[in-house]
Amino acid sequence: MRKLALSDELLQSIEKPARYIGGETGSVMKNKDEVALRFALCFPDVYEIGMSHLGIQILYDMFNRREDVWCERVYSPWVDLDRQMRERKIPLFALESQDPIREFDFLGITLQYEMCYTNVLQVLDLSGIPLRAADRPQDCPIVIGGGPCAYNPEPLAAFFDLFYIGEGETVYDRLFDLYLSCKKGGCSRQEFLRRAAQIPGIYVPSLYEVRYHEDGTIASFLPVAEDVPAVVEKQVQMDLSDAPYPEAPIVPFIKVTQDRVVLEIQRGCIRGCRFCQAGMIYRPLRERSLDCLKEHADRMLANTGHEEISLSSLSSSDYSELPGIVNYLIDRYQDEKINISLPSLRIDAFSLDVMSKVQDVRKSSLTFAPEAGSQRLRDVINKGLTEEVILQGADEAFHGGWNKVKLYFMLGLPTETEDDRKEIAHLAERIAEKYYEIPKEQRNGKCQITVSTSFFVPKPFTPFQWAPMFQPGDYLGFAKTVNHEIKAMKNQKSIRYNWHHADVTLLEGVFARGDRRVSEVILEAYRHGALYDAWTEYWDYDRWLQAFAQVGVDMDFYTMRTRDLNEILPWNFIRIGVTKEFLKKEWQRAQEGIVTPNCREKCSGCGAAAYQGGVCAARRA
Amino acid sequence: MKVRVRFSKQGNMKYIGHLDVMRYFQKAIRRARIDIAYTEGLSPHMIMSFASPLGVGLTSDAEYMDIELRTPIASREAIDALNRVGAEGITVTGFWEVPEGKANKAMTLVAAADYVVRFRGGRVPDIDLSAALEAFLAQSEIPVWKKSKKSEREVDIRPMVYELRQTDDGAVFLKLASGSAANLKPELVMDTLFAMSGVEPPPFAYEINRCELYADTGDGERRSLTPLGALGREIL
């Protein structure tokens with residue numbers, strides 16, 4: 001029996017002890033004396049969230065294929081255990097070996113959303129790793145960050161030794177080999193970092209110096225030595241069909257958010273929505289071959305015993321072999337009672353037909369993400385979805401027996417007006433009217449339309465990266481406008497409206513486009529108890545406002561300014577393929593309300609073609 | 001074909017709650033490629049029911065679940081397949097064909113259970129245990145306040161204690177009524193035992209292992225306890 005890091009008494013006194021015991025089917029055990037490198041892979045949130053993340057499963061599998069590497073997992077202890085660990089001075093441990101993280105060679109932390117930043121500090125703190133990279137001794141694990149938020153790593157620069165910019169499949173082997181040779185040769189920590197900075201995609205924040213203008217904007221961002229590259233290139237796995245993919249993902253004992261097999265059918269997106277960071281940083285679109293997907297699906301279902309498989313991508317309808325994979329799964333697995341879930345599908349005749357086969361029409365709901373209420377604003381954000389398409393999709397769905405519709409919108413978009421916001425209510429009303437056009441005897445009771453809005457946060461590497469945000473009061477005003485307008489609709493009883501907190505949006509905005517000076521705010525807030533900021537029950541805006549005041553950082557500098565097109569942005573040193581010139585052009589076209597065609601319709605010369613593959617290399621009609 | 005499965009739940013698996021053990025078997029059965037039957041209807045689920053949920057923190061040598069097979073499989077083969085794909089701490093130890101019908105469901109049949117309660121290191125209570133056990137058994141009635149989710153009422157637990165003795169290594173063995181008709185938890189018996197000796201039991205002192213679950217195969221007058229597994233037949 002594996003000996004656990006936590007005592008029996010402690011485990012029985014906390015919520016869901018299974019979060020901390022490891023031993024799940026598919027978890028990898030090795031002998032620590034027989035490996036040369038130990039990697040602790042962390043998702044800085046609670047187990048059920050972290051275990052649901054595909055990227056971690058891919059890296060875990062890939063790292064453990066190396067005989068000389070043992071990769072284990074670690075998640076944020078929930079608040080109950082967090083308290084106990086601090087009180088009793090119990091060091092944070094990895095799930096597999098239950099050994100302290102402090103003994104590992106690497107601690108890799110994925111950065112999937114900004115609101116997990118205090119949890120990053122929690123993981124370092126509980127591990128006994130000095131929070132500032134500069135304070136770490138030689139024998140301390142190398143702390144490396146990755147994931148979408150690493151595309152602007154600057155607010156976390158003080159806490160990480162390295163960042164990996166881009167997709168993990170490409171240069172980790174090189175990094176590990178370098179580490180092992182440095183370890184053997186007795187190199188210092190600094191020497192290793194210096195050499196690691198030579199590897200494409202690896203960013204070592206301590207090797208760059210930032211100077212600021214008097215107005216607070218960046219004056220220069222330069223490497224401290226000649227052999228440190230001035231520019232860090234995003235890493236892309238061009239051939240996805242050949243890339244490693246887990247055959248036997250870990251099967252958690254407790255129910256996690258994503259309790260199913262996840263099949264990544266493609267990476268990237270052809271759409272080019274101007275608010276969407278994923279749509280830019282994962283360019284170019286690359287598909288996995290149908291044969292490869294069938295094989296992955298079969299193996300993963302057989303090895304996990306999951307009763308559900310979900311297709312994953314940014315826009316599944318754009319996958320060229322979608323009917324092929326969907327029909328394969330239905331034919332092969334319906335008799336084995338395996339559910340097939342198809343998120344991010346455009347609503348059309350094909351998807352409605354497929355959905356009627358794989359789900360219970362009466363219980364399930366249809367999802368549309370128009371993102372903006374008016375056609376004018378949808379053109380501004382380049383969301384190529386017209387009202388006609390939405391209404392037709394809804395109409396077909398209603399005739400097919402559905403009566404639940406979910407609509408997702410953003411508020412606070414660039415150029416947005418009062419009228420655009422009211423249009424959200426009008427669109428919901430027109431969808432409801434479509435439903436009630438169906439003769440009473442043919443329809444299935446009332447329809448339920450759920451409108452949800454979130455507040456737009458400008459993200460790095462998008463055409464909206466220069467855009468200003470709004471004050472919390474403004475955001476709530478926007479939501480009130482929508483709410484009042486919905487209440488004025490004829491079918492308001494069929495329409496429900498949900499909106500989010502506004503203050504958390506602003507903090508997300510600071511972290512998304514912040515620079516190195518924001519590190520101090522995060523540290524200050526953490527020291528005053530900020531943790532699990534993504535969880536409403538632990539979110540405390542006043543604590544954050546105090547932290548800003550305490551360290552003398554002006555929040556509005558990061559949120560309220562319209563950035564100058566020539567300003568050096570904190571993430572300027574990263575190259576993602578998509579050029580700044582393209583983003584500027586898109587920002588200009590947005591203000592003029594001009595739509596840019598998607599990658600399959602016409603190449604707009606974004607710059608991703610430099611990677612020489614994916615949709616950029618495919619023959620366009 | 002209706003089948004009864006017996007498994008042990010030991011070691012770190014004691015932290016896995018009842019519903020998660022059920023989820024564990026739903027996935028393990030698929031991994032082992034055992035052709036189980038499903039309910040009809042729009043959201044079919046495996047036909048599977050457990051004899052008696054085991055609380056988090058308890059270990060067990062003999063848990064039982066009943067399943068229904070679409071395609072029969074030999075007992076030996078099924079046990080090997082389930083253990084091959086299983087997690088450390090859960091071991092399938094029996095797989096038998098059992099008669100059809102609601103009256104033969106493990107859940108309906110459970111009438112008694114065996115437990116062994118050990119004291120955690122350093123938490124052995126300061127009483128003469130064998131004298132206390134003797135005194136307990138000498139009572140003809142032991143009224144105890146029993147809490148349920150809705151109410152609290154006084155119950156005589158004495159008739160639900162079928163056996164109570166000290167084992168050679170200083171633990172306590174209990175055979176208690178279990179199931180829907182009468183159900184008694186070992187913690188309650190132990191707490192009562194200490195209360196009768198005027199001692200507060202040390203906190204977090206018990207380490208409880210369930211050893212067996214029984215059906216009452218007696219004639220209604222006299223109790224005759226048979227392990228749930230013994231009611232089935234090996235599939236060859």
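A polar contact is a pair of N or O atoms within 3.5 Å; within protein, one of the two must be able to donate a hydrogen and the other to accept it, and residues adjacent in sequence count only if both atoms are side-chain atoms. By this rule, 15 residue pairs are in polar contact across the interface of chain B and chain A, with both residues of each pair at pLDDT 80 or more. The structure is a predicted model.

**Interface of chain B and chain A**

On the side of chain B that touches chain A, the residues divide by class into 11 nonpolar, 5 polar and 11 charged. Salt bridges across the interface of chain B and chain A number 7. One of the salt bridges joins the side chains of B:Arg23 and A:Asp259, with an N to O distance of 2.7 Å. In terms of contact, 27 residues of chain B meet 31 residues of chain A. The size of an interface is often expressed as the accessible area lost when the parts come together. For chain B and chain A this buried area is about 2600 Å², of which 51% lies on carbon and sulfur atoms.

**Domains of chain B**

Chain B is assigned two segments of structure: domain 1, comprising 2–108 + 230–234, and domain 2, comprising 111–227. A distance of 27 Å separates the C-alpha centres of domain 1 and domain 2 of chain B. Between these domains, 15 residues of domain 1 of chain B are in contact with 12 residues of domain 2 of chain B. The two domains of chain B bury about 1100 Å² between them, with 46% of that area on carbon and sulfur atoms. Within domain 1 of chain B, the residues that lose the most area to domain 2 of chain B are B:Leu58, B:Tyr64 and B:Leu231, which together account for 34% of what that side buries.

Polar contacts between domain 1 and domain 2 of chain B amount to 12 residue pairs, both residues at pLDDT 80 or more. The domain 1 side of this contact in chain B has 8 nonpolar, 4 polar and 3 charged residues. The count of salt bridges between the two domains of chain B is 1.

| Salt bridge | N to O distance |
|---|---|
| B:Arg23 and A:Asp259 | 2.7 Å |
| B:Glu63 and B:Arg210 | 3.0 Å |

**Nonpolar cores**

The largest nonpolar core has 216 residues, and those with the most contacts inside it are A:Phe106, A:Leu107, A:Leu162, A:Phe192 and B:Phe95.

Notes
Residues numbered from 1 in each chain as written. Chains lettered and ligands numbered in written order. Predicted model: local features only at pLDDT ≥ 70, side-chain atom pairs only at ≥ 80, totals over all residues. Heavy atoms only, no water. Domains from an automatic or database assignment. Contact = heavy atoms within 4.5 Å. Buried area = accessible area lost by both parts, 1.4 Å probe. Salt bridge = Lys/Arg side-chain N within 4 Å of Asp/Glu carboxyl O. Nonpolar A, V, L, I, M, F, W, Y, C, P; charged D, E, K, R; others polar. Core = buried A, V, L, I, M, F, W, Y, C linked by side-chain atoms within 4.5 Å. Buried < 20%, exposed > 50% of the residue type's maximum accessible area, 1.4 Å probe, protein only.
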